[in-house]
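Please read it alongside the structure shown here.

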Amino acid sequence: MSRVEKGHAMHGYGWAWPMGVMMLGWLVLVLLVIWAVWYVTTGIRQRPMADRHESARRILGERYARGELDTEEYHRRLDALR
């Protein structure tokens with residue numbers, strides 16, 4: 001087989017693989033963006049309200065323990081969480 005025939009037989013195969021990888025990369029990127037938008041919009045709301053209140057109580061207790069809040073302010077905010 002001559003060099004021309006050999007080169008001609010491979011024409012086109014050199015672009016198929018990189019183009020497929022690039023298309024797969026774009027697909028993964030689009031799916032990642034869709035997942036991120038879904039997670040931000042619904043993932044936060046799916047957390048039970050009790051968990052959020054418990055977290056807020058914990059933070060409030062830590063602030064009170066550090067002396068950032070006085071007793072009156074601590075109790076006022078704690079009552080607001082109930």
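A salt bridge is counted where a side-chain nitrogen of Lys or Arg lies within 4 Å of a carboxyl oxygen of Asp or Glu. R66 forms such a bridge with E68, with the closest N and O atoms 2.8 Å apart. The model is predicted: local features need pLDDT of at least 70, side-chain atom pairs count only at pLDDT 80 or more, and totals for chains, interfaces and linings use all residues. Residues are numbered from 1 along each chain as its sequence is written, and side-chain values use heavy atoms, with hydrogens and water left out.

**Fold**

- The protein chain has four helices and zero strands; helices (H or I, at least four residues) and strands (E, at least two) are DSSP runs, numbered from the N terminus.
- Along the sequence, the pattern of the protein chain reads α-α-α-α.

**Surface**

- Of the 82 residues in the protein chain, 7% count as buried; buried means under 20% relative accessible area, exposed over 50%, and partly exposed in between (1.4 Å probe, protein chains only).
- The protein chain exposes about 7500 Å², of which carbon and sulfur atoms supply 67%; the areas come from the Shrake-Rupley method with a 1.4 Å probe, and for residues only the protein chains shown count as cover.

- Side chains of opposite charge can pair when their charged atoms come close.
- The count of salt bridges comes to five.
- R63, R66 and E68 are linked in a network of salt bridges.
- R63 is partly exposed because its relative accessibility is 26%.
- R66 counts as exposed, since its relative accessibility is 53%.

- E73 and R77 meet through their side chains in a salt bridge, at 2.5 Å from N to O.
- Both E73 and R77 belong to helix α4 (residues 71–81), where they sit four residues apart, about one turn of the helix.
- E73 counts as buried because its relative accessibility is 18%.
- R77, by its relative accessible area of 33%, is partly exposed.
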